[in-house]
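Try each task yourself before you read its solution.

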Amino acid sequence: MTERARNKLKELSRKQLLKYTLIFLIYEGCIVLSYLIYNRKTGEEFTDPVGFFWILFMMVPFAFKLHKRLFEPAWRGEVKIIKDPQSSQRQGYILRSYKAGFLIKNKGYEVRVIDVFTNKGYQEIILVGDEANLADHYYRPHDKVERLPGLRYPINCSSPRDEIFCPVCGHFSKKGEKRCYACKNKLVDIWE
């Protein structure tokens with residue numbers, strides 16, 4: 001990966017972190033505002049424990065996701081193995097992936113786990129549902145990968161591809177495209 005491409009990826013990761021933080025703050029602000037409006041209409045006390053529990057319940061999933069995006073460190077490593085977890089382990093991997101709607105649709109999900117060994121230790125990439133085919137199409141054993149905070153997937157630095165992979169949403173776009181067709185984020189071609 002060239003230094004220019006790495007700098008573009010770093011800029012993309014900063015934009016994603018800022019974007020995700022703003023979405024999180026707007027969402028949490030709407031929850032608190034709806035609670036205040038409810039209290040004003042019903043005349044309930046603001047110290048009502050049920051209301052506070054409701055606010056916490058609504059905030060927790062997004063807080064976990066935000067924490068994962070903001071504080072997961074950057075790393076570089078090599079893919080060692082791609083595995084299909086046993087059926088007894090699938091539920092745990094689905095829960096750890098923070099996929100929306102896992103309580104409803106988890107029975108039909110494919111789950112693939114990629115073991116990566118880095119200078120900072122062992123890492124796992126969990127691919128759930130439609131993204132599980134990335135394990136066959138994009139990541140292979142012995143590929144060099146690099147992960148930046150704010151980006152959902154590590155970039156594969158091993159060999160040039162005919163398509164450009166979007167590290168934000170996991171879709172592929174045609175070479176030469178400026179933006180991802182799925183999430184509209186700017187694409188970074190690390191081989192240009």
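**Exercise 1. Find the element that holds Leu18, and decide whether Leu18 is buried or exposed.**

Step 1: Leu18 sits in helix H1; helices (DSSP runs of H or I, at least four residues) and strands (runs of E, at least two) are numbered from the N terminus.
Step 2: The relative accessible area of Leu18 is 55%. Buried means under 20%, exposed over 50%, and partly exposed in between, with a 1.4 Å probe and protein chains only, so Leu18 is exposed.

A note on the model: it is predicted, local features need pLDDT of at least 70, side-chain atom pairs count only at pLDDT 80 or more, and totals for chains, interfaces and linings use all residues. Residues are numbered from 1 along each chain as its sequence is written, and side-chain values use heavy atoms, leaving out hydrogens and water.

**Exercise 2. Describe the surroundings of Lys80.**

Step 1: Lys80 belongs to strand S1, residues 75–83.
Step 2: With a relative accessible area of 40%, Lys80 is partly exposed.
Step 3: Setting aside neighbours within four places in sequence, Lys80 contacts Asp115, Phe117 and Pro141; contact means heavy atoms within 4.5 Å.
Step 4: Asp115 is 35 residues from Lys80 in sequence, yet their C-alpha atoms are 5.7 Å apart.

**Exercise 3. Which residues touch the most other members of the largest nonpolar core?**

Step 1: A nonpolar core is a set of buried Ala, Val, Leu, Ile, Met, Phe, Trp, Tyr and Cys residues joined through side-chain atoms within 4.5 Å.
Step 2: Among the 29 residues of the largest one, the answer is Ile114, Leu134, Tyr139 and Phe165.
Step 3: Elements giving two or more residues to this core include H1 (3–42), S1 and strand S2 (111–118). H1 supplies the largest share, three residues.

**Exercise 4. How many helices and strands does the protein chain have?**

Step 1: The count is five helices and seven strands.
Step 2: Their order along the sequence is α-α-β-α-α-β-β-α-β-β-β-β.
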